[in-house]
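Dear colleague,

I am handing over the structure we spoke about, and my notes on it follow directly below. Please read them with the model open beside you.

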Amino acid sequence: MGQGPGRPAIHAATVDHGLRPEAAAEAEDVAALCRRLGVPHRTLRWEGAKPASGVQAEARRARYALLAAEARRLGGAALVTAHTLDDQAETVLMRLAHGSGPSGLGGMRARAERDGLVLARPLLGIAKARLVATAQARGLPFIRDPSNADERFERVRWRAAMPLLAQRGLTAERLGRLAERMARLDAVADRRAGEAFAGLRLPDDHEGEGEEVRLDFSRLAEEPEEVVLRVLALALEAVAPPGDGYGRLERLEDCLHALLAAERSRLATRRTLSGCIVALAGDGVLSLRREGARRRGVHPATS
């Protein structure tokens, strides 16, 4: 099963997060199954102290880091996970509750690239119940993680709410279809934003003084607002300090609305966002540059 004509080599990896005493034995159960199927297997352990809060989020980051390292060790293998339609529905609900825009509501992608590695989720359209039934029909053992029923975790609380939502018509299938549609729209908007960013970017007239992005905002403002919003995000990403995002989508939207209002009135305005100064001149040129060091009691945007 691991190798064969026309078939890529398959390798399995189990992450032992070290959060439950049973995890080591469960990883060994997976290893035993893989030996029976002829699939090479490695157990990857999340070492070190564990956080007191935000355990699931930190465990997820650690899990993907370990799996990515294993994929690179194997020579750039594609990383394949068993996320199901139920996982996708829960993700969409969580992101909706957190105020996500179209990109977030596109949910998990069936195929994506992360840090230069291909991440594939071939079961994203398959209900979990069908996956379990298939395993049972073929006599394949599987393990139920007790943390999946622990309502201290947000995802588990949404999972518990799914049957009631389904009674009102908000089924996992419909949430999955919503994610597919949002992902289609997201791809189109992203492509147009990339074109607009490249086409409306102006030469930097402050070379040698640090990274700056200048845009013809008068022309950019003629684009649909979603495109303008994404171009602003691209500009911020180009100049913001490493690791800084624009934070919540609402902050980016507030900044954009202020810029659009100023452009309609042909007024200059200046704001700060994500460690950057965003300045619109009266001639319609928008400049973004990294914010300098603050003087005590004086904010650069008001000095």
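T91 is buried, at a relative accessible area of 4%, where buried means under 20% relative accessible area, exposed means over 50% and partly exposed lies in between (1.4 Å probe, protein chains only). Before going further, please note that this is a predicted model, in which local features need pLDDT of at least 70 and side-chain atom pairs count only at pLDDT 80 or more, while totals for chains, interfaces and linings use all residues. Residues are numbered from 1 along each chain as its sequence is written, and side-chain values use heavy atoms, with hydrogens and water left out.

T91 belongs to helix α3, residues 85–97; helices (H or I, at least four residues) and strands (E, at least two) are DSSP runs numbered from the N terminus. If neighbours within four places in sequence are set aside, T91 is in contact with G107, M108 and R155, contact being heavy atoms within 4.5 Å. L93 is also found in helix α3 and is buried, with a relative accessible area of 5%. Again leaving aside neighbours within four places in sequence, L93 is in contact with W158, M162, L165, L170 and L175.

How do α3 and helix α6 cross? Their axes come within 9 Å and cross at roughly 105°, α6 covering residues 154–167; axes are lines fitted to C-alpha atoms, for helices over the stretch in contact, and angles run from 0 to 180 degrees between N-to-C directions. The two helices are therefore roughly perpendicular to each other, given that 65 to 115 degrees counts as roughly perpendicular, under 35 as roughly parallel, over 145 as roughly antiparallel and the rest as oblique. On the α3 side the contact is made by D87, A89, E90, T91, L93, M94 and A97, and on the α6 side by E154, R155, W158, R159, M162 and L165.

Turning to the core, the largest nonpolar core has 31 residues, and those with the most contacts inside it are L215, F217, L232, L286 and L288. Such a core is a set of buried Ala, Val, Leu, Ile, Met, Phe, Trp, Tyr and Cys residues joined through side-chain atoms within 4.5 Å. The largest share of this core, nine residues, comes from α9. Apart from it lies another core, of ten residues, among them V92, L93, L175 and M182. Not counting residues up to four places away in sequence, L286 touches V213, R214, L215, F217, L232, L259, V278, A279 and L280.

There is also an open sheet of three strands in the order β3-β5-β4, with mixed pairing; two strands pair if DSSP finds at least two bridges between them. β3 (79–80) and β4 (111–114) stand at the edges with a single partner strand each, so one side of each is left without a neighbour in the sheet. β3 and β5 (residues 117–120) run parallel and are joined by two bridges, and the bridge partner of V80 in β5 is A120. Helix α2 (residues 55–73) packs on this sheet, touching β3, β4 and β5, and its direction makes about 120° with that of β5.

Finally, the cysteines: the count of disulfides comes to zero, a disulfide being a pair of cysteine sulfur atoms within 2.5 Å. C276 is in no disulfide, as the nearest cysteine sulfur, that of C255, is 10 Å away. C276 is buried at 0% relative accessibility, and C34 counts as buried at 8%.

With best wishes
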